[in-house]
Amino acid sequence: MSDGDFPKDKVHKRAVKNNQRLSLRRLLARIGLCLGAAVIAVAVFILMFGGMILNGYGKAKVERAFAKAHPGCALHIGKLDYSLGADRLVAQAITLSAPNTTLKVGQISLTGGRWARLLWGTAAPAEVLAKASLEATNLEVEFPQAQYGIRCARLRASALDSELIVEGTELRPLAGDEAFFAAHEFQTPRFHAVVPECRVLGLAYGELLQGKEYRARSVHFSNPSFDALLNRDKPPQPFVKSPLMVHEALASMRQPLQIDSLSITNGHLTYCERLAVGADPAVLTFGAVSLSVEGIANRGQPAAAIQLRGQGNLMDAGTLKVLMSIPITPPDFALHYSGSLSAMDLSRLNAFLEIAEHTRIKSGSAQEAAFEINVTAGQARGRVRGIYKDLEIAVLDKQTGSAKGLDSRVSSFLANLLKIRSSNAADASGSRKEGEVNYTRKPDLEFLQFAWFALRTGVMDIISH
């Protein structure tokens with residue numbers, strides 16, 4: 001049957017359907033063309049006028065949002081550039097000013113951010129940066145009140161890879177030593193640290209940006225150096241409040257902290273004390289320092305403890321090894337530490353003892369030494385074992401630093417004759433003296449001071465008659 005045989009109304013309906021299909025196709029095609037044209041127009045607009053948008057509306061919005069979120073602080077951003085193909089936003093010359101703190105950054109490059117949510121303010125920083133990578137160069141932070149500054153050559157952070165790499169970092173005073181000490185009425189240690197590289201892996205950026213938790217799998221410092229200088233030419237600061245011990249410092253943190261491992265390779269430590277302005281300081285050094293710390297946390301079971309293992313070359317003469325276990329949540333100050341010292345010429349300690357203690361080791365050599373100390377409720381008890389020979393000391397005049405004066409000669413004679421054991425080796429019965437550690441924490445002592453003073457009681461017990 002031909003089309004002519006159909007009733008006219010059926011032919012009409014079929015024609016209407018064909019026209020509707022054709023109109024729908026044309027409509028879809030037109031919509032597609034319009035969408036394509038819109039995308040092209042937006043792309044061209046961004047390429048041609050994106051810089052104007054970023055450096056006008058976008059930058060101003062970010063600066064205002066920061067000032068609103070942090071009253072009393074100001075954020076100033078230099079030129080902004082956006083690369084559409086690389087999805088990279090670059091900011092030049094950033095300055096952040098806050099009370100007693102100023103941060104300057106030469107350049108920041110941010111890739112993979114959720115820019116639309118940032119501009120419209122519909123997402124928190126953790127969402128905006130969930131898959132972002134950041135690289136910053138020439139960072140400078142100043143703390144005028146504390147008189148310190150931090151410089152960093154390069155910082156790289158990747159939320160996607162959960163890593164943070166910091167290169168060329170330096171902590172330094174804002175002024176020279178004399179100006180630094182002149183600003184303090186009492187004894188104040190001056191610190192200076194250089195860290196060529198710090199690498200943090202397994203960093204939980206989401207929790208970090210939300211301020212909920214500080215968690216990382218590992219932190220590693222390569223070739224760091226640290227030196228401290230104490231100005232003993234000024235009186236000690238009056239005791240006001242006891243310094244926090246490790247467990248107390250951890251407990252004071254509101255957010256959970258967890259670092260599975262922290263390590264240092266090839267570090268160098270220098271500790272100095274000066275007794276007069278312009279005078280040469282007493283110097284104590286530790287070279288080739290390696291350190292491994294596991295289980296750093298401020299939450300955990302009652303038996304949880306931070307485990308530390310370290311070693312370094314004392315005055316480039318002997319190797320000192322230390323093991324330390326620090327409970328995380330003890331009911332009171334508790335600690336266990338042990339260690340050893342290899343053979344060394346004891347006179348190498350004179351660079352520190354002659355100035356700091358007015359004492360000179362004229363001769364003496366240690367064959368070996370070891371110690372083990374347990375601290376419970378701030379009371380340290382333990383033993384020190386050591387084998388040494390030919391120990392002879394001289395007491396120096398405090399004014400001249402000489403051992404030639406009559407008073408110095410008499411003091412040295414009495415010290416060697418009545419107080420100092422010249423040797424501690426096995427006798428005919430095979431026994432030798434051990435030093436007893438018995439020391440109670442004083443409220444004004446820092447953690448490391450307490451550990452050393454406790455150990456010193458055992459050392460003095462060995463060498464004393």
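These legends walk through several close-up views of a predicted model. Local features are reported at pLDDT of at least 70 and side-chain atom pairs only at pLDDT 80 or more, while totals for chains, interfaces and linings use all residues. Residues are numbered from 1 along each chain as its sequence is written, and side-chain values use heavy atoms, with hydrogens and water left out.

**View 1. The protein chain as a whole.** Let's start with the overall picture: the protein chain holds nine helices and 19 strands. Both are DSSP runs numbered from the N terminus, helices being H or I with at least four residues and strands E with at least two. Of the 465 residues, 32% are buried, where buried means under 20% relative accessible area, exposed over 50% and partly exposed in between (1.4 Å probe, protein chains only). Taking contacts (heavy atoms within 4.5 Å) between residues at least 6 apart in sequence, 58% join residues at least 24 apart. The chain exposes about 27200 Å², with 59% supplied by carbon and sulfur atoms; accessible areas come from the Shrake-Rupley method with a 1.4 Å probe, and for residues only the protein chains shown count as cover.

View 2. Strands β3 (88–98) and β4 (101–111) pair in the antiparallel sense over 10 bridges; two strands pair if DSSP finds at least two bridges between them. Leu-89 stands opposite Leu-110 in β4, and Leu-110 in turn stands opposite Leu-134 in β5. Strand β5 (residues 133–143) runs antiparallel to β4, joined to it by nine bridges. Two residues separate β3 from β4 in the hairpin, and Asn-100 in the turn has a positive phi of about 65°.

View 3. Most residues other than glycine have a negative phi. Asn-100, not a glycine, has a positive value of about 65° and is partly exposed at a relative accessible area of 45%. Asp-316 has a phi near 55° and sits in the loop between β13 (305–314) and β14 (318–327). Asp-316 is exposed, with a relative accessible area of 59%.

**View 4. A nonpolar surface patch.** Phe-191, Phe-226 and Leu-269 make a nonpolar patch of about 220 Å². Patch residues have over 30% relative accessible area and no salt bridge, with nonpolar side chains (Val, Leu, Ile, Met, Phe, Trp, Tyr) joined within 5 Å and like charges within 9 Å. A salt bridge is a side-chain nitrogen of Lys or Arg within 4 Å of a carboxyl oxygen of Asp or Glu. Phe-191 lies in strand β8 (residues 190–201) and counts as partly exposed at 31% relative accessibility.
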